[in-house]
Protein chains: 4
Amino acid sequence: MDEKEKCGVFGVYGLKNASELTYLGLFSLQHRGQESAGIVASDGKMVREKKGMGLVSEVFTSRDLKNLPGHIALGHVRYSTAGSSSPRNIQPFIGESRFGHLAIAHNGNLTNALALWKKLSERGAVFQSSTDTELILHLIAQSSFDGFEDSLKDALWQIQGAFSLGILSHHQLIAVRDPWGFRPLALGKLGDGYIISSESCAFNVLGAEFVREVEPGEMIIIDEKGLRSFFYAYSPRKAFCIFELIYFARPDSVVFANQVYQARKNMGRVLAEEEDYSADMVVPIPDSGIFAALGFSEASGIPLEFAMVRNPYVGRTFIRPGQEARELAVKIKLDPIKELIRGKRIIVIEDSIVRGSTSRQRIATLKEAGAREVHMRVSSPPHIFPCHYGIDFPTRGELIASSKSAEEIEKYLGLDSLKYITIDGLKNSIAPPGENYCFACFNGDYPVFPRERGKLILDEKPAINQC
Amino acid sequence: MDEKEKCGVFGVYGLKNASELTYLGLFSLQHRGQESAGIVASDGKMVREKKGMGLVSEVFTSRDLKNLPGHIALGHVRYSTAGSSSPRNIQPFIGESRFGHLAIAHNGNLTNALALWKKLSERGAVFQSSTDTELILHLIAQSSFDGFEDSLKDALWQIQGAFSLGILSHHQLIAVRDPWGFRPLALGKLGDGYIISSESCAFNVLGAEFVREVEPGEMIIIDEKGLRSFFYAYSPRKAFCIFELIYFARPDSVVFANQVYQARKNMGRVLAEEEDYSADMVVPIPDSGIFAALGFSEASGIPLEFAMVRNPYVGRTFIRPGQEARELAVKIKLDPIKELIRGKRIIVIEDSIVRGSTSRQRIATLKEAGAREVHMRVSSPPHIFPCHYGIDFPTRGELIASSKSAEEIEKYLGLDSLKYITIDGLKNSIAPPGENYCFACFNGDYPVFPRERGKLILDEKPAINQC
Amino acid sequence: MDEKEKCGVFGVYGLKNASELTYLGLFSLQHRGQESAGIVASDGKMVREKKGMGLVSEVFTSRDLKNLPGHIALGHVRYSTAGSSSPRNIQPFIGESRFGHLAIAHNGNLTNALALWKKLSERGAVFQSSTDTELILHLIAQSSFDGFEDSLKDALWQIQGAFSLGILSHHQLIAVRDPWGFRPLALGKLGDGYIISSESCAFNVLGAEFVREVEPGEMIIIDEKGLRSFFYAYSPRKAFCIFELIYFARPDSVVFANQVYQARKNMGRVLAEEEDYSADMVVPIPDSGIFAALGFSEASGIPLEFAMVRNPYVGRTFIRPGQEARELAVKIKLDPIKELIRGKRIIVIEDSIVRGSTSRQRIATLKEAGAREVHMRVSSPPHIFPCHYGIDFPTRGELIASSKSAEEIEKYLGLDSLKYITIDGLKNSIAPPGENYCFACFNGDYPVFPRERGKLILDEKPAINQC
Amino acid sequence: MDEKEKCGVFGVYGLKNASELTYLGLFSLQHRGQESAGIVASDGKMVREKKGMGLVSEVFTSRDLKNLPGHIALGHVRYSTAGSSSPRNIQPFIGESRFGHLAIAHNGNLTNALALWKKLSERGAVFQSSTDTELILHLIAQSSFDGFEDSLKDALWQIQGAFSLGILSHHQLIAVRDPWGFRPLALGKLGDGYIISSESCAFNVLGAEFVREVEPGEMIIIDEKGLRSFFYAYSPRKAFCIFELIYFARPDSVVFANQVYQARKNMGRVLAEEEDYSADMVVPIPDSGIFAALGFSEASGIPLEFAMVRNPYVGRTFIRPGQEARELAVKIKLDPIKELIRGKRIIVIEDSIVRGSTSRQRIATLKEAGAREVHMRVSSPPHIFPCHYGIDFPTRGELIASSKSAEEIEKYLGLDSLKYITIDGLKNSIAPPGENYCFACFNGDYPVFPRERGKLILDEKPAINQC
């Protein structure tokens, strides 16, 4: 599928070469944002930064890392919609205020950003970016409290929506998760130092210990006195993003107390158990559908075949030449093995259908390669509502399931049959009680509404850039 | 495994925007060479070129392709050892001679390169590169025959070893395969035009028809009069490279009449059938071991688990920072899922063990993650002899199997058991008679010896750069 | 000499392709700042920007200019000291406030920057740069006035020191000069549109008419209603920077009512008239000493010879290789013609001596080339005090004239004689009354003192970056 | 003027860091070629190279120089016409032959290149570039002599036209000048080492001693046995290029036994003496006309004024924006000082008029700036014939003096009067007898004719790229 996670946050406190560790950590979070990356580091006195458009491997040179000395570092990877992919919006956002230099790395989306922007503007704020992350920094600077910690809490009380934050000052690293807990954030330990990361996979890679997830409504402050934690806000309802488990998080992470790989295999298993099947092979859409396909194959007894081969070299820089060649280029990304498919009944496993256009093309190439029947099973329910908490789904008009029935979609995609997992099936695939999750993109049950608007608006994308 | 294929060849005759098609074709052959790429194109009058170090996506811009007009094009992707990775060695090699501009793209390795170099040099040749490909062009230019075709045949009669060639003149595209047939080369058709490609996967992608493989000892000339084919040399013995099927070729290609994906599944199946097993899971080393692992799992009934997660963003530009961080970075490429592995008996499927150092690290991380037992099954026999026909294996001294017994390797790698497929098992996994293949890297039975040396030298790497 | 002008300002209102004209205008002001350049443009609705490190020719592509549409544009070229040459400090400084997007281009230096920074910070400002230019934008945003114009005046009343400003909003271009008039700023007219520029040379180049200089204490607002002008502040004393005439401004500009080329010739003439000479030739240090040398030669009758040849290709990117070669490289920039110099008595004309190290080397090469006598005449008085109004002189400790007498300098430089022009001589070389000029770097008579410091500090460089 | 010198040659033998010295030397020869640069170095064993498009400062990094170790180096700067500005043509040209690696740096143009190309081609040569320099290397490799020195002489006997050559083998540096001596080449000494350079200015800069010019027909071989010199060919007639003195060579060089600066002053002086004048000022076209203008002013007593100001920042990367702005951009390169010119009678000094288009524009801007009369005096005779010996003049059709009379040119340029120096006047300005010079571009008296053509062709540009 093509949805884009918006951000990954990674921070280090109390370790030599904190920026190098952050560089390695961002590599493990690269799947959460490929458009830009940034690292801010402090040696206790001076705060330095390096940011750039592109992948982690493109943004940083070894020289850059040497120019970011110190034992505290905060990093960020980001994806954003085209219109706002300005260098000014690269995170961590950094500014100098009465509390010295502060840097903020944000994963999520504030639902009252416009109202806050108006209020701050009237008070004389000068803005540099079009991100909601910058608002948090101005709220801290303009707070009527004197101390930094009180001003930070004051700022957090004013923002609404999804935010997993890393905050760096010249001598502190702070981790904050919103009271609903939309986005993940985890705490790790390496030697005498601490690490925060959007996902636990980054801990494995660095040989760090996964301590626990940061709790919804919790703030963790790490400085020379050690680690302090408290709840800055009461958590009325948990709302973990189910899409982290379906698609976004890396399979080797533990997110919301679920081992992600196993959760996805469970989804495939549950999907297989929801009815009887007869087919020659189960084929995953690589790479994302592979785990659900394995679970489906195990549960159904239908053999798994990797009948579509992905070309790993086709990336962002691929030139789509003239019209004629463009049509020839359809299969360059995912080539079906004709010899395997010809005359077979195939069950294709996808993790989600958003617009449907990519799926349609893929099914056409399978039919063209000689498949007798193509059935699709999807490890998420139909996608009907946009996300206001940090996932870049298209607007409602573009979501195929919001305007077409399952039968119409089946026909549009050229399938012999199409089935989605149910919300109940999804709940059965995961460990903690399903009540703690946000299923709003499937059922429209939004835990927090965009505040600055008088009425519920489900169709629009937010005006201020989220992350 | 880490062996490197040395080259991929792709050519187009008789199609508009031949260079654009060649660009797309090289994408499908990128796995055969990631160090440099080049395209030469002719509009029937003028021959133009663009070459560069890096991936296809890095070397060519859409403007470059516009600057390569014409209906004939020849492309090449290349890998080479560090010392000789000079821009001068990027292929296709191009020069101007009494036959006008000629470009040659070569996959393979000449075994009598040094002797030829000496002879040509004495006759007054001026060399630009350190590739054996350039020698072919000088042999054509210095031939005592008058016509181009006769001079080309004269040149081919003088070279020995492995060569699948694409040759472009301002009005012709020529495909040549050596009499042994070491390296693959295939012929395709698209509309009124012809395509040649190291592997058939490139045809699928372009919607072209896979006509057949170019035969050992065959020359195919394509020009405005159409396609002519003949055997320029008698083929005393076939010697198809078995490593193309084990590792190099793309799974969606048909190579030496084998569908590659199925051949690899067969190898896994044969490996499983060679003994009785008892284990909790079969784990492939991604991405190359995945197909043999699937065959192994099916044949043995032991469940397949993708328990090692590959980070697709770790590539050539990854900076390995200071010593401390370097050790932390071991798992950044391949992270085992601890929760899945802990306490389990695991069979790891690899396609080959060359030096053994990478395998050793990976097994260590599995043990560290809590695996109770780790067994390894390898879908190729022990690797003892170097290759003289175009594969960049290390020298004999570095090949772990040439100095250590299977038990010693088992111990060195920290395994609970280690088994290789047998040469007979390998022959049973593939379609055409095993006699047609070259197994020299396993059994030392070299079809052609390096000619300029008085005695058989198995330990050395050739002095002239091969491709 | 090596002093660096800090900035050039250029703006356009009411002309198609305003950004292209600004690009051309910045070329004519490139001598005022070579480190970075920026253009901000407005089409009446949206404000766009492009900035970068380097020369105007390096920062902008023709595509960049196309991406800056609109009839209003503001540009800036900048030089800064090494420590603060951060991309964040490139001007025009741009931010979004309650008045929408505002961009400010500044030439000069605020003397009360630290005090303002403290006040703004306490009120909750978040800073992005370390420039005094940013302060002006925050003062506007935080003003207690409602309207933009009142808020701007409020901001101007609070700042002290040297400032020639261009300000762009989405529908206006504003020019402001400080009440002392330290830095130049001129108004031009082209067709129906207006142009502002640090120097009039940019008008010639564009075929625009030079209307007049902006007056000290004047604000000019240009918008769809036309041009309005008023004095926002009373001008207690004029303090035009004499160094603009001695060295900085381009010879084809008219600055402070002086044609610069002629003013410099006058300085040479006055210098010659201040005593009797006998020598074989007058040799200018190219390119800056050439005009004074011409005046000197005319007045004294001693022939002018261009006996030192400048290599125009030695620029910023010149690599100084190993120690040995470094010493050989002394003359690569300025090579004396031995055949001309040998045995001659030479008068070298310089425009100023700052540290003395470069002059010393040059005189040594002249002696080495065989000059019998080398006399130096300098078209500025001895340089004793630092500048607080925007010129990057070294600190007092580095100024050779602040610690050495004329005789000591003569000896240190290896001269046979050394004479400086007097302040009176300088006054006689220029048109308007000398009382209107600032000679602080020669006589320490500072028109405005740095405010945030309790006592006069002449030795320090300002902490906040000036421009 | 806009003619382009084609090449500069620089070589070092017997000095540590020879490539660094060559880098510095090429800086002093940069005026002889700005399109590409290359350095080849040998440490006695291995020959290494670095070449690139652009200025010396753009092509080489300090790392490149470190990667070019050794005590022998050969460098080249080059200009070429647009069509052939391929990276393949960058010099020194380097190839491997039976004599090992050889590199050739060439200034000049072979007049029998096409015939040689044909002969070599028939013998089986494979060409890489379209330069006549490459031909020399093939002639050496294909010579029927055994030894290198004899083969080199054999090659030199076959080539005709202009060639000042530097040749590097792994242990030798060789300097060769053609029997006519068209292009300069000088020998210098630094410590125990030797330097060769197209111009002596490079010696001054490195602190090296100018030993003498290489003689027409001389070959100098420098190796571990020291320096040997002999005449490989008889010199029937000298033909020094007069344009080196008029325009190309640097003023601080000694070329053909003339100090260039003084020769140019002499030309101005002679020009002034050829008639009576009455005018208000003499104005040079900077920078090239400045020396003749000084001589003219001295001889005539008419004051010199630098009334046209050159913008040194307008270089190759200057973007010429849309039509409207383009017209405004005329004066961006050379801005006349209106205040100085208004109402004055001006004598403009140019060194040559080729096409006339640039001169026409400049005279128009002077008139526009208010000049009462504009007279032009040119320090070269009318330019009628193309050059076959290495200078990139336009074809005869484009040379304004080949189709228009002096009166017509005067009118076309908008001048009040126009006078050229005579050939006799030119001869009187220079030291050695005028018979030793080539004036072919003025009088059509070509010392050597292009050989491969049956008849004299004066209008065409050569097909093979010269240097």
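Two residues are in contact when their C-beta atoms, placed from the backbone, lie within 7 Å. Helices (H or I, at least four residues) and strands (E, at least two) are DSSP runs numbered from the N terminus. The model is predicted, so local features need pLDDT of at least 70 and side-chain atom pairs count only at pLDDT 80 or more, while totals for chains, interfaces and linings use all residues. Residues are numbered from 1 along each chain as its sequence is written, and chains are lettered from A and ligands numbered from 1 in the order in which they are written.

**Helices α5 and α6 of chain A pack at an angle of about 130 degrees.** The view shows α5(A), residues 132–142, and α6(A), residues 148–158, with their axes 8 Å apart. Axes are lines fitted to C-alpha atoms, for helices over the stretch in contact, and angles run from 0 to 180 degrees between N-to-C directions. The two helices are therefore oblique to each other (under 35 degrees is roughly parallel, over 145 roughly antiparallel, 65 to 115 roughly perpendicular, and the rest oblique). From α5(A), the residues I136(A), L139(A) and I140(A) meet S151(A), L152(A), A155(A) and Q158(A) of α6(A). Sorted by class, this contact has five nonpolar, two polar and no charged residues. Ala, Val, Leu, Ile, Met, Phe, Trp, Tyr, Cys and Pro count as nonpolar, Asp, Glu, Lys and Arg as charged, and the others, Gly among them, as polar.

**Helix α10 of chain A, residues 290–300, is mostly covered.** Nine of the 11 residues in α10(A) are buried (20 or more other C-beta atoms, placed from the backbone, within 10 Å of a residue's own; 12 or fewer is exposed, and in between is partly exposed). The buried residues begin with the run I290(A), F291(A), A292(A), A293(A), L294(A), G295(A), F296(A) and S297(A), and S300(A) is also buried. What do the buried residues of α10(A) pack against? Their partners in chain A are helix α9 (260–273) and the strands β17 (281–284), β20 (345–350) and β21 (373–378). Just after α10(A), G301(A) takes a positive phi of about 75 degrees.

**Helices α9 and α10 of chain D cross at roughly 45 degrees.** The axes of α9(D), residues 260–273, and α10(D), residues 290–300, come within 7 Å. Residues of α9(D) in the contact include Y261(D), R264(D), M267(D), R269(D) and L271(D). Among those they meet in α10(D) are F291(D), L294(D), F296(D) and E298(D). By class, the contact between the two helices has 10 nonpolar, four polar and five charged residues.

**K238(B) lies in a loop of chain B between two strands.** The strands on either side of the loop are β13 (226–231) and β14 (240–241). Is K238(B) buried or exposed? K238(B) counts as buried because 20 C-beta neighbours lie inside 10 Å. Leaving out residues up to four places away in sequence, K238(B) touches W180(B), G181(B), P216(B) and N436(B). S297(B) is 59 residues from K238(B) in sequence and, C-alpha to C-alpha, 33 Å away in space.

**Chains C and D meet through 57 residues from each chain.** On the side of chain C that touches chain D, the elements that supply at least two residues include α1 (18–28), α7 (201–206), α9 (260–273) and α10 (290–300). The largest share of that side, six residues, comes from α1(C). By class, the side of chain C has 32 nonpolar, 14 polar and 11 charged residues.

**A rotation of 180 degrees superposes chain C on chain D.** In chain C, the C-alpha nearest the axis belongs to P312(C), at 4.2 Å. Both copies use the same surface, as 100% of the contact residues of chain C recur in chain D.

**Chain D gives 15 residues and chain B gives 16 residues to their contact.** On the side of chain D, β5 (93–97), α4 (113–122) and α5 (132–142) are the elements that give two or more residues. The largest share of that side, four residues, comes from α5(D). By class, the side of chain D divides into five nonpolar, seven polar and three charged residues. Chains A and D, by comparison, have no contact, and their closest C-alpha atoms lie 15 Å apart. No contact joins chains B and C either, where the closest C-alpha atoms are also 15 Å apart.

Key
Copies are superposed by least squares on the C-alpha atoms of residues with pLDDT of at least 70 in both.
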